[in-house]
Amino acid sequence: MKVGYKSEYGAVGFAAATTGALLLVRQLKVALAAIPVWAILSRLIARGSTNRARAVTVGSPKDAQSKARVVLHKDMTLKERPLAVVTGTNSGIGYYTAVGLAVEGYVTVITCRSRELAYKTASRIRTEAEKRRRAHPAKYANYPETVVVEGEVLECDNFKTVRAFAKWFTEKYGNHNFQVLVNNAGGMVDSLKFSKHAPTLEHHTAVNFLGPLLLTDLLLPLLEKNGGRVVNVSSAAHRLPQYTLDGAKSLFIDGKVGAVGLVKGRLLETLKQLNQGDTKAAGPLAVRDVGTAFARYGTSKLLNIYHAHVIARRYLKAEEAHRVYACSLHPGCVASNFPNYLNAVPGLMTIYQTLGTLFLKTNEEGAQTTLHCALCPREELELVVPVKGSGEETKVSPYFVECADKSTVSLLSYGWDVKEAEAIIDWGRKIVEKA
Ligand SMILES: NC(=O)c1ccc[n+]([C@@H]2O[C@H](COP(=O)([O-])OP(=O)(O)OC[C@H]3O[C@@H](n4cnc5c(N)ncnc54)[C@H](OP(=O)(O)O)[C@@H]3O)[C@@H](O)[C@H]2O)c1
């Protein structure tokens, strides 16, 4: 049985263990025995699925992925080899996504926020991938022999760097077999902040949504040429916008999952009110409290899902060889550098990551759903309908959790609103086109 949200169950299990231990504190021996048992259980639950997806080789005709279009073999030229771009790779999920793709024979182009970091990170990823290849020579016997990783600079909210990256990439790799764009870079801040590069734009809108939107638009012609795919790293936090939009009392209240949710322009209106710079920002998303910070982050992650919908729907009727697929995913709760606002208190991040290793996913475990989406057969990326019987009109790109399509059970009702999605993507495009 496939169960989503395992890392969240791990977190709940760990919390239960801690409470239980506190209750049992008078019976110290029982408490001391219970803690490690719970910690181990939480760790196992948090781990979740392992990656089922692997690149296909000629040597494995019975492979469940035989329907994939990319079939690797060791005599491929560099230009024939599938190529992936992964953003935000110097830490966390992005690093292990890049390692996984490089091990699987993909020419892997990675980005970081500075050129120096990009070069160093590419070298670390190459070394790690080569080590993994050497450890399993038989497994990779049919794969292209070399591990190819190259790093370049890209800062999502600095649109000039996004354009410069796309230009460099198109010139250098325009004739290669570009198959996968992983929009991974992103994060959360716990206060109302605006981009230093584009001061009218709110941090999450600029970094998590507009930068990836511009990058994808610039690279889409190359993906179209090769029939590639776009993988957007979203989050279960995509549910949080209803906190502000519907006045829900709790951040974690659930919408009618699987139904067609109608935002009716309210989200777009809220985004317009928010993205007016520090002094003019207004509306429900501009409130300066921590709850609303989570809602701002969650909104940007809902926009990642909308973005995938708009791409996938655009190519719905395209010729298969040039059809671009798109999907989004929740990686689980991962003990990465993600809550980097914790750095404000010395040592807090270290405590978070140390405790996190017990009940959250490790960075590598957190990369598995992204890797699955990057490597799985294209048929797994086929569009889905919210409820049985609903037609083409409402078809959206799939949303993955724990390496499986969980759209109908996990996607918040707002997540199906294709009209709102199209309107917001149009709005976003107008902003980045001018930048
Ligand atoms: N960790 C979780 O529990 C979790 C849950 C759901 C979704 N996610 C999503 O997973 C993705 C990866 O996050 P992570 O958990 O691996 O965190 P992470 O370790 O902090 O990695 C984030 C990466 O994004 C880069 N980045 C941040 N702001 C950027 C910008 N303005 N321009 C370019 N790159 C930027 C970071 O670079 P720097 O090091 O230079 O900042 C880093 O390489 C994010 O999109 C996040 O929203 C994470």
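How many helices and strands are there in the protein chain? The protein chain has 14 helices and ten strands, where helices (H or I, at least four residues) and strands (E, at least two) are DSSP runs numbered from the N terminus. The model is predicted: local features need pLDDT of at least 70, side-chain atom pairs count only at pLDDT 80 or more, and totals for chains, interfaces and linings use all residues. Residues are numbered from 1 along each chain as its sequence is written.

## Chain and core

Of the 435 residues of the protein chain, 48% count as buried. A residue is buried if 20 or more other C-beta atoms lie within 10 Å of its own, exposed if 12 or fewer, and partly exposed in between, with C-beta atoms placed from the backbone. Among contacts between residues at least 6 apart in sequence, 76% join residues at least 24 apart; two residues are in contact if their C-beta atoms, placed from the backbone, lie within 7 Å.

In soluble globular proteins, nonpolar side chains tend to be buried together. The largest nonpolar core here has 111 residues, a nonpolar core being a set of buried Ala, Val, Leu, Ile, Met, Phe, Trp, Tyr and Cys residues joined through C-beta atoms within 7 Å. Helix 9 gives the most to this core, with eleven residues. The residues with the most contacts inside the core are A84, A98, A102, I110, I125, C327 and A374. For one of these, I110, the contacts beyond four places in sequence are V86, T89, A98, A118, T121, A122, I125, V149 and G151.

A374 also belongs to helix 12, where it is buried together with Q368, T369, T370, L371, H372, C373 and L375. Helix 12 (residues 368-375) is largely enclosed by the rest of the structure, because eight of its eight residues are buried.

## Ligand shell

The ligand is surrounded by 26 residues, and the closest are G88, G92, A185, G186 and S336. A residue counts as near a molecule or strand if its C-beta atom, placed from the backbone, lies within 6 Å of it. Helix 3 (residues 92-103) gives the most to this shell, with three residues. By class, the shell has nine nonpolar, 14 polar and three charged residues. In this classification Ala, Val, Leu, Ile, Met, Phe, Trp, Tyr, Cys and Pro count as nonpolar, Asp, Glu, Lys and Arg as charged, and the others, Gly among them, as polar.

## Packing of helix 9 and helix 14

Two packed helices are described by the angle between their axes and the distance between the axes. Helix 9 (residues 290-314) and helix 14 (residues 418-434) pack at an angle of about 95°, with their axes 9 Å apart. Helix 9 is therefore roughly perpendicular to helix 14. Axes are lines fitted to C-alpha atoms, for helices over the stretch in contact, and angles run from 0 to 180 degrees between N-to-C directions. Angles under 35 degrees count as roughly parallel, over 145 as roughly antiparallel, 65 to 115 as roughly perpendicular and the rest as oblique.

On the helix 9 side the contact involves L303, Y306, H307, H309, V310 and R313, which meet V418, A421, E422, I424 and I425 of helix 14. This contact has seven nonpolar, two polar and two charged residues.

I425, in helix 14, touches L213, Y306, H307 and V310, not counting residues up to four places away in sequence. I425 and I311 are 114 residues apart in sequence, and their C-alpha atoms are 9.9 Å apart in space.

## Helix 5 and helix 6

V162 is in helix 5 (residues 159-173), and P212 lies in helix 6 (residues 203-226). Their C-alpha atoms are separated by 8.6 Å, although the two residues are 50 residues apart along the chain. Leaving aside neighbours up to four places away in sequence, V162 touches L154, C156, G211, L214 and L215, while P212 is in contact with C156, N183 and N232.

## Positive phi

Most residues other than glycine have a negative phi, and most peptide bonds are trans. E402 has a positive phi near 50°, and C403 has a positive phi near 60°. E402 lies in the loop between strand 9 (399-401) and strand 10 (404-405), and C403 is in the loop between strand 9 and strand 10.

| Residue | Other C-beta atoms within 10 Å |
|---|---|
| E402 | 22 C-beta atoms |
| C403 | 23 C-beta atoms |
| V162 | 27 C-beta atoms |
| P212 | 28 C-beta atoms |
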